[in-house]
Amino acid sequence: MKYDIIVIGSGPGGYVAAIRASQLGRKTAIVERAEAGGVCLNWGCIPTKALLKSAQVYSYCRNAAHYGLDLEGEVRPDLAKIVARSRGVADTMSKGVAFLLKKNNIDLIQGTGVLRGEGRVEVGGELYEADHIILATGARPREMPFMPIDGRHVISSREALTLDRLPETMIVVGSGAIGSEFASLYATLGTKVTLVEYMPQLMPLEDEEVSKAMERAFRKMRATVLTSTTVKAVRVNGDGRCEVEIEGRKGSECLTADVVLSAVGIKSNIEGIGLEELGIRVERDKVVVDEYYRTGVPGVYAIGDIVGGPALAHVASAEAICCVEAICGLNPAPVDYSTIPSCVFTTPEVASVGLTEQEVKRQGIDYRVGRFPFTASGKATAAGDRDGFVKLLFDADERLLGAHLVGANVTEMIAEPTLAKALGATAHRIARTVHAHPTMNEAMMEASEAALGAAIHL
């Protein structure tokens with residue numbers, strides 16, 4: 001069978017690439033070895049958010065009296081039902097992707113795709129040909145030799161989505177988005193969580209003020225936070241409990257827990273797909289591509305988690321569109337990686353775009369800061385969600401350099417500063433844009449006014 005474009009992988013990079021190619025009139029096929037939608041829809045972003053929503057509802061129920069509501073009886077989390085709902089949400093979204101592929105006349109080829117020379121892909125012993133092949137094979141949880149994953153005692157994010165019981169104690173190794181979200185989830189549901197981070201600050205990619213705020217938030221959840229701490233070894237003892245040897249500020253210790261969650265990053269799925277045979281260049285676990293995602297081999301492209309750049313679903317989708325439009329001769333603008341929003345769905349949520357204050361200082365940029373705490377927000381106070389703040393960084397010309405948000409629903413609010421940064425909006429322009437009242441988003445206007453020295457409500 002001959003196609004114009006074959007995409008290997010149906011995650012948020014792959015299926016978006018296939019649909020855009022079909023929209024542009026290209027005969028397209030997509031190869032997928034598992035469920036349509038890839039890890040994001042089935043074992044990542046979507047089911048995780050479903051679990052976190054259940055935890056949020058449980059927290060609301062426990063704090064109903066704060067809102068003037070009396071609940072009779074004890075509210076308890078039923079992990080089996082929570083997981084079942086999450087799997088149902090994932091299944092719905094996966095079926096939705098399969099429907100979109102069919103609607104756009106894209107052939108879904110089930111199996112593992114392997115490059116077999118110029119313009120050829122083998123799937124299950126059958127060869128398919130295409131003028132262009134896009135690799136979108138995604139990534140999987142990284143496994144460390146000192147912390148072997150057995151799927152029961154030492155688990156990855158995949159097993160954390162489908163636990164059959166609520167552990168009494170859990171140690172989460174790694175405080176990036178994945179580790180922090182699961183730590184927040186299980187701490188909310190009642191598990192005693194210890195969060196271990198090698199770097200000096202929690203959520204090491206975030207602004208330092210955000211990290212400090214989230215450390216306080218985790219401690220408010222009665223979770224233990226250990227930063228500047230190295231995990232030396234993880235063992236399962238004769239009682240089935242995990243023993244974790246660590247070295248931190250207090251020296252060497254041995255922690256114990258029912259479950260250890262390894263959240264130390266991801267590894268690209270680039271093995272066994274024929275890269276070596278074609279001579280496709282790989283550096284540090286990533287396929288080397290240009291600004292239009294072309295590899296060094298004509299007709300072969302790579303997008304998403306297997307190339308450099310943030311390993312985020314929305315980044316993969318943006319790269320997919322850019323790649324396909326370049327193939328089709330539309331001359332798209334390259335993806336602007338300086339305006340990529342990042343979201344962490346903890347409680348409270350974290351969202352950011354652009355430079356952190358530490359990065360601004362390292363680059364020697366003249367800047368000013370505008371902050372607005374949600375304690376001063378009428379909407380946040382009415383909602384009972386006063387934790388957090390908006391922090392905006394502007395350069396000497398008042399152009400937005402970065403935005404860092406902590407609080408309820410800030411993952412929805414990050415769209416405004418992302419657009420503002422992309423358009424080069426100034427602090428004055430944001431401050432003079434009328435924002436609806438009462439909303440959490442008023443904090444964007446207020447923080448901009450604070451940066452200008454014209455704050456009204458501070």
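Here's a quick briefing on a sheet, a surface patch and some salt bridges in this structure. The model is predicted, so local features need pLDDT of at least 70 and side-chain atom pairs count only at pLDDT 80 or more, while totals for chains, interfaces and linings use all residues. Residues are numbered from 1 along each chain as its sequence is written, and side-chain values use heavy atoms, with hydrogens and water left out.

**The sheet and its helix**

- Five strands make an open, parallel sheet in the order 8-15-9-10-11; helices (H or I, at least four residues) and strands (E, at least two) are DSSP runs numbered from the N terminus, and two strands pair if DSSP finds at least two bridges between them.
- The edges are strand 8 (154-155) and strand 11 (224-226), each pairing on one side only.
- Strand 8 runs parallel to strand 15 (residues 259-262) over two bridges, and Ile-155 has Leu-261 as its bridge partner in strand 15.
- Helix 6 (residues 177-189) lies across strand 9 (169-173), strand 10 (192-196) and strand 15, at about 165 degrees to strand 10; axes are lines fitted to C-alpha atoms, for helices over the stretch in contact (heavy atoms within 4.5 Å), and angles run from 0 to 180 degrees between N-to-C directions.

**A nonpolar patch**

- Tyr-60, Tyr-67 and Leu-69 form a nonpolar surface patch with about 290 Å² of accessible area together (Shrake-Rupley, 1.4 Å probe; for residues, only the protein chains shown count as cover).
- Patch residues have over 30% relative accessible area and no salt bridge, with nonpolar side chains (Val, Leu, Ile, Met, Phe, Trp, Tyr) joined within 5 Å and like charges within 9 Å.
- Tyr-67 sits in the loop between helix 3 (45-62) and helix 4 (79-103), and is partly exposed at 36% relative accessible area (buried is under 20%, exposed over 50%, partly exposed in between; 1.4 Å probe, protein chains only).

**Salt bridges**

- The whole structure has 25 salt bridges, meaning a side-chain nitrogen of Lys or Arg within 4 Å of a carboxyl oxygen of Asp or Glu.
- Glu-325 bridges to Arg-20, with the closest N and O atoms 3.0 Å apart. That pair links helix 9 (residues 313-327) to helix 1 (residues 14-23), 305 residues apart. Glu-325 is buried at 17% relative accessibility.
- Arg-76 and Glu-74 meet at 3.7 Å, N to O; Arg-76 is exposed at 60%, and Glu-74 is exposed at 62%.
- Arg-371 pairs with Glu-357 at 3.9 Å between the closest N and O atoms. Arg-371 is in strand 22 (residues 367-373) and Glu-357 in helix 10 (residues 357-362), so the pair ties together parts 14 residues apart in sequence.
- Glu-357 is buried at 12% relative accessible area.
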